[in-house]
Amino acid sequence: MMQAVVEGRHCGSCTLCCKVLTVEKINKPNGQWCQHCIQGRGCAIYSDRPNECQQFQCGYLMWPALGPHWLPARSKLVVALKPDGKEIVVHVDPGVPNAWRAEPYHTEIRSLASHATRATYTVFVQIGRRVIAVFPDHEVDLGIVAEDERILIREVGDAGATRREAVKLKANDHRIA
Ligand code: SF4
Ligand code: SF4
């Protein structure tokens, strides 16, 4: 079921998710404009757009905790919750790859990561295929994550002084559940 949209929020002239997201049904890679996107206006195949597109609502539309400055057309950031609920991904427009480091976004992404530690999800920043895992006190730049690679989040350290780390592994690695 689609989550309710925050009152007063709508896509308007934003079309950034049609650039930053992967759409498997039409073989659209992330970080490149969809061939069907009329930038700033919408989808040329709106009534026939893939189910993935129909189901997608970004964090700006759904979460009042993300203020108006998170409008993707302005921030150059599209916040997405993975379907399994275990990952929040901040997709960055590759044309402005450092947009996530600008304030107040960087501090707010760290804040999301702080909450994530108490909850059960992880925050990632994704720029094309490059992925950065964000934790409250540090970041792990995993570089390009290939099709045959996966990211493992694990606890390291002694009891009472553990911290979460991210490592990139081959998909067939026995450490991947
Ligand atoms: S990124 Fe969000 S606000 Fe922009 S078009 Fe996509 S769903 Fe709408
Ligand atoms: S099919 Fe339409 S809604 Fe889906 S990514 Fe392309 S332009 Fe956007």
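Modeller: What follows goes through the sheet strand by strand and then sets it in the chain.

This is a predicted model, in which local features need pLDDT of at least 70 and side-chain atom pairs count only at pLDDT 80 or more, while totals for chains, interfaces and linings use all residues. Residues are numbered from 1 along each chain as its sequence is written, and chains are lettered from A and ligands numbered from 1 in the order in which they are written.

The sheet is open and consists of 5 strands in the order β3-β4-β5-β6-β7, with mixed pairing; strands here are DSSP runs of E with at least two residues, helices are runs of H or I with at least four, and both are numbered from the N terminus. Two strands are said to pair if DSSP finds at least two bridges between them. The edges are taken by β3 (77-81) and β7 (139-144), each of which has a single partner strand, so one side of each is left without a neighbour in the sheet. On average, neighbouring strands of this sheet are turned by 20° against each other, direction ignored, the axes being lines fitted to C-alpha atoms and angles in general running from 0 to 180 degrees between N-to-C directions.

Within the sheet, β5 (residues 122-127) runs antiparallel to β6 (residues 130-134), and the two are paired over 5 bridges. Along this pairing, Q126 faces V131 of β6, and I127 is set opposite R130 of β6. The hairpin formed by β5 and β6 has 2 residues between the strands, and G128 in its turn has a positive phi of about 60°. R130 also has a bridge partner in β7, namely I144. The pairing of β6 with β7 is likewise antiparallel, over 5 bridges, and the hairpin that joins these strands passes through 4 residues.

As for the setting, the protein chain holds 5 helices and 9 strands, which follow one another in the pattern α-β-β-α-α-α-β-β-α-β-β-β-β-β. Its radius of gyration (taken over C-alpha atoms) is 17 Å, close to the 16 Å of the globule rule (2.2 Å times the number of residues to the power 0.38) for 177 residues, so the chain is as compact as a globular protein of that length. The C-alpha atoms fill a box of roughly 55 × 35 × 30 Å along the principal axes.
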